[in-house]
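The following note is intended to accompany a first reading of the structure. Please keep the structure in view while working through the numbered points.

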Amino acid sequence: MRHRGSTIEELRGSVGLRIADEQLLRTLAAGLEDVEKLLRETARSEVRAVHDAASHLVEAGGKRFRPLMTLLAAEFGEGNHEDVVIAAAAVELVHLATLYHDDVMDEATMRRGAPSVNARWTNSIAILTGDFLFAHASRLVSDLGTDAARILAETFSELVTGQMRETVGPGEGDDPVEHYLSVIAQKTGSLIATSGRFGAMMSGAKPEAIGAMQRFGEIVGTAFQISDDIIDIASPSHESGKTPGTDLREGVRTLPMLYALADPDTDPRLVELLDGPVTDDDLVEEALTLLRSSSGLDRAMGTLSDYAQQARTELASLPAGPARDACESVANYLVARTR
């Protein structure tokens with residue numbers, strides 16, 4: 001089991017979480033430790049093959065951002081308790097389940113520094129393991145009441161719909177930018193929205209706080225994807241720790257690319273390069289250079305700033321204090337991480 005402080009430190013680095021209040025820090029660290037314990041218990045199975053596959057990603061760790069959002073939102077009510085921990089574990093199980101399925105769709109070979117389940121075992125095992133975790137997430141929230149079960153079911157629907165819409169692409173007459181933003185709100189934002197909603201709900205927070213944390217979660221989740229899009233183009237690998245141009249290589253049209261393609265003044269050579277996956281290293285570098293000087297990157301930065309401001313606006317309706325300050329630090333980080 002990870003040390004209490006390690007998860008908080010990971011969150012400081014990965015999502016910009018800043019907590020000055022020592023009591024809140026201890027509360028969140030203890031809550032995340034309880035979540036971790038419940039995740040391991042839930043992934044356990046008497047069937048060895050099921051246990052090994054289900055525990056694979058749980059043991060691999062991760063940011064645990066969604067459980068953190070649940071625990072932070074609980075601070076606007078009566079604070080952390082058993083139902084909050086159950087809800088936090090449930091949203092993380094859903095997230096892990098989607099990763100198993102994503103790796104199959106993407107034909108991934110690595111996940112969190114370890115071989116992906118589909119690579120280590122088979123696609124069928126990965127899909128079934130994801131289903132196993134979805135089932136246990138549903139089981140956990142069933143003890144929290146019919147409203148919680150309904151909310152999680154609706155979130156499942158949003159996640160799947162977003163993935164299907166991304167796979168199919170925009171329809172005839174659809175605006176590609178609007179399509180993209182709504183897809184990432186469903187694929188990424190919806191579960192983080194539910195994380196915030198659950199935490200406030202389970203802690204007895206006021207309806208206004210529940211709504212604010214739900215909306216804040218969706219905005220932040222969507223904005224993190226936009227900031228990832230920008231970093232994949234704008235940041236050298238030695239700064240971001242990632243190889244730039246990954247989206248280009250995979251033929252994924254992200255927000256800066258869509259904005260560039262919508263601009264009639266964009267260099268025709270860039271339009272040509274964005275017509276499909278770019279696999280040659282020299283062509284990837286050429287495309288990155290053109291994207292960095294295009295209007296698409298600036299417009300994406302502007303959109304990201306708008307989302308960060310929307311997130312701060314939602315927080316303004318919440319009671320002032322360490323929990324709100326911590327949430328605001330995440331909103332501020334959205335823009336800061338791309339500079």
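1. A residue is called buried when its relative accessible area is under 20%, and exposed when that area is over 50%. By this cut-off T194 is buried, because its relative accessible area is 5%. The model discussed here is a predicted one.

2. Apart from its neighbours within four places in sequence, T194 is in contact with V91, I151 and T155.

3. Which residues line the second largest pocket? They are I151, E154, T155, E158, A185, Q186, S190, A193, T194, R197, Q214 and E218. The elements that give two or more residues to this lining are α8 (146-168), α9 (176-202) and α10 (207-234). Helix α9 gives the most, with six residues.

4. The volume of the second largest pocket is about 160 Å³. Its lining residues divide into three nonpolar, five polar and four charged.

5. Turning to the chain as a whole, its secondary structure comes to 17 helices and two strands. The radius of gyration of the chain is 20 Å, close to the 20 Å that the globule rule gives for 339 residues, so the chain is as compact as a globular protein of that length. The C-alpha trace spans about 55 × 50 × 40 Å along its principal axes.

6. How much of the chain is buried? Of its 339 residues, 51% count as buried. The accessible surface of the chain comes to about 15,400 Å², and carbon and sulfur atoms account for 50% of that surface. Among contacts between residues at least 6 apart in sequence, 73% join residues at least 24 apart.

7. Helix α4 (residues 65-74) is mostly covered, with 10 of its 10 residues buried. The buried residues of α4 include F65, R66, P67 and L68, and M69 and T70 are also among them.

8. R64 is placed in the loop between α3 (48-60) and α4. Its phi is positive, at about 60 degrees, although R64 is not a glycine. Is R64 buried or exposed? R64 is buried, because its relative accessible area is 2%, which is under the 20% cut-off.

9. Helix α13 (residues 255-262) has six of its eight residues buried, so this helix is largely enclosed by the rest of the structure. The buried residues are L255, P256, M257, L258, Y259 and A260. Against which elements do the buried residues of α13 pack? They pack against α9, α10, α12 (246-250), α14 (268-273), α15 (281-292) and α16 (295-316).

10. T129 is buried, because its relative accessible area is 6%. Leaving aside its neighbours within four places in sequence, T129 is in contact with A53, A54 and Y100.

Technical notes:
Residues are numbered from 1 along each chain as its sequence is written. This is a predicted model: local features need pLDDT of at least 70, side-chain atom pairs count only at pLDDT 80 or more; totals for chains, interfaces and linings use all residues. Side-chain values use heavy atoms; hydrogens and water are left out. Buried means under 20% relative accessible area, exposed over 50%, partly exposed in between (1.4 Å probe, protein chains only). Contact means heavy atoms within 4.5 Å. On a 1 Å grid over the protein atoms alone, a cavity is a set of points where a 1.4 Å probe fits but cannot get out, and a pocket is an open set with protein on both sides within 12 Å along at least five of seven lines; lining residues have an atom within 4 Å of a point. Grid points are joined across faces, edges and corners, and a volume is the space filled by probe spheres set on the points. Helices (H or I, at least four residues) and strands (E, at least two) are DSSP runs, numbered from the N terminus. Ala, Val, Leu, Ile, Met, Phe, Trp, Tyr, Cys and Pro count as nonpolar, Asp, Glu, Lys and Arg as charged, and the others, Gly among them, as polar. The radius of gyration is taken over C-alpha atoms; the globule rule is 2.2 Å times the number of residues to the power 0.38. Accessible areas come from the Shrake-Rupley method with a 1.4 Å probe; for residues, only the protein chains shown count as cover.
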